[in-house]
Amino acid sequence: PEGTGGGLTSMSGKRRRLDPLPIFDESSLLGFLDEHGFKQVHAQTIWTNIAKRKVSSLSELDNVRSIPKKLIPLLEESFALTTSTVEDVKHSNDCGSTKVLIRLQDGSKVESVIMHFGDTNPTSDPNPNPNP
């Protein structure tokens with residue numbers, strides 16, 4: 001199946017080979033499960049447990065009873081929780097927006113602007129220590 005070859009189509013229409021694959025890419029994970037003889041229902045269980053448990057590695061899914069134990073090492077070989085990194089963050093002087101530069105796994109870069117409407121100060125510490 002196409003999904004497991006790491007091929008994703010970019011906006012330019014070019015196929016990109018990703019290694020490791022992003023675990024949240026639906027077609028890649030569903031294709032992988034099919035190719036390895038696992039039911040596709042495991043995809044939703046994997047995504048739900050990653051989000052709810054806030055796991056830092058796929059091996060942490062090992063204690064989820066509804067995910068086959070032999071699936072976990074296969075996932076670890078082919079998938080990653082995150083495949084992009086934040087390269088730069090700039091806040092506007094008035095704190096009305098935040099510009100984020102993200103480097104994708106293939107080296108491409110994406111710039112996004114987050115507009116703050118009624119948000120608290122985006123430059124402030126989200127977890128301030130009440131006891132300095």
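Reader: What percentage of the residues of the protein chain count as buried?

Author: This is a predicted model, in which local features need pLDDT of at least 70, side-chain atom pairs count only at pLDDT 80 or more, and totals for chains, interfaces and linings use all residues. Residues are numbered from 1 along each chain as its sequence is written, and side-chain values use heavy atoms, with hydrogens and water left out. Buried means under 20% relative accessible area, exposed over 50% and partly exposed in between, with a 1.4 Å probe and protein chains only. Of the 132 residues of the protein chain, the buried share is 30%.

Reader: In what order do the elements of the protein chain run from the N terminus?

Author: Helices (H or I, at least four residues) and strands (E, at least two) are DSSP runs, numbered from the N terminus. The protein chain has 3 helices and 7 strands. From the N terminus on, the order is β-β-β-α-α-α-β-β-β-β.

Reader: How are H1 and H2 oriented to each other?

Author: Axes are lines fitted to C-alpha atoms, for helices over the stretch in contact, and angles run from 0 to 180 degrees between N-to-C directions. The axes of H1 and H2 come within 9 Å and cross at roughly 130°. Angles under 35 degrees count as roughly parallel, over 145 as roughly antiparallel, 65 to 115 as roughly perpendicular and the rest as oblique. H1 and H2 are therefore oblique.

Reader: Which residues of H1 and H3 make the contact between them?

Author: H1 and H3 pack at an angle of about 135°, with axes 12 Å apart. Contact means heavy atoms within 4.5 Å. On the H1 side the contact is made by Leu29, Phe32 and Leu33, and on the H3 side by Leu71, Leu74, Leu75 and Ser78.

Reader: Is His42 buried or exposed?

Author: His42 lies in helix H2. Leaving aside neighbours within four places in sequence, His42 is in contact with Leu33, Ser66, Ile67, Pro68 and Leu71. Because its relative accessibility is 11%, His42 counts as buried.

Reader: Which residues does Leu61 contact, leaving aside its neighbours within four places in sequence?

Author: Leu61 is one of the residues with the most contacts inside the largest nonpolar core. Leaving aside those sequence neighbours, its contacts are Ile46, Asn49, Ile50, Val55, Ile67 and Ile72.

Reader: How far apart in space are Asp106 and Asp19, C-alpha to C-alpha?

Author: Asp19 is in the loop between strand S2 (15-17) and strand S3 (21-22), and is exposed with a relative accessible area of 67%. Asp106 lies in the loop between strand S6 (97-103) and strand S7 (109-115), and counts as partly exposed at 35% relative accessibility. Asp106 and Asp19 are 87 residues apart in sequence, but their C-alpha to C-alpha distance in space is 9.2 Å.

Key:
A nonpolar core is a set of buried Ala, Val, Leu, Ile, Met, Phe, Trp, Tyr and Cys residues joined through side-chain atoms within 4.5 Å.
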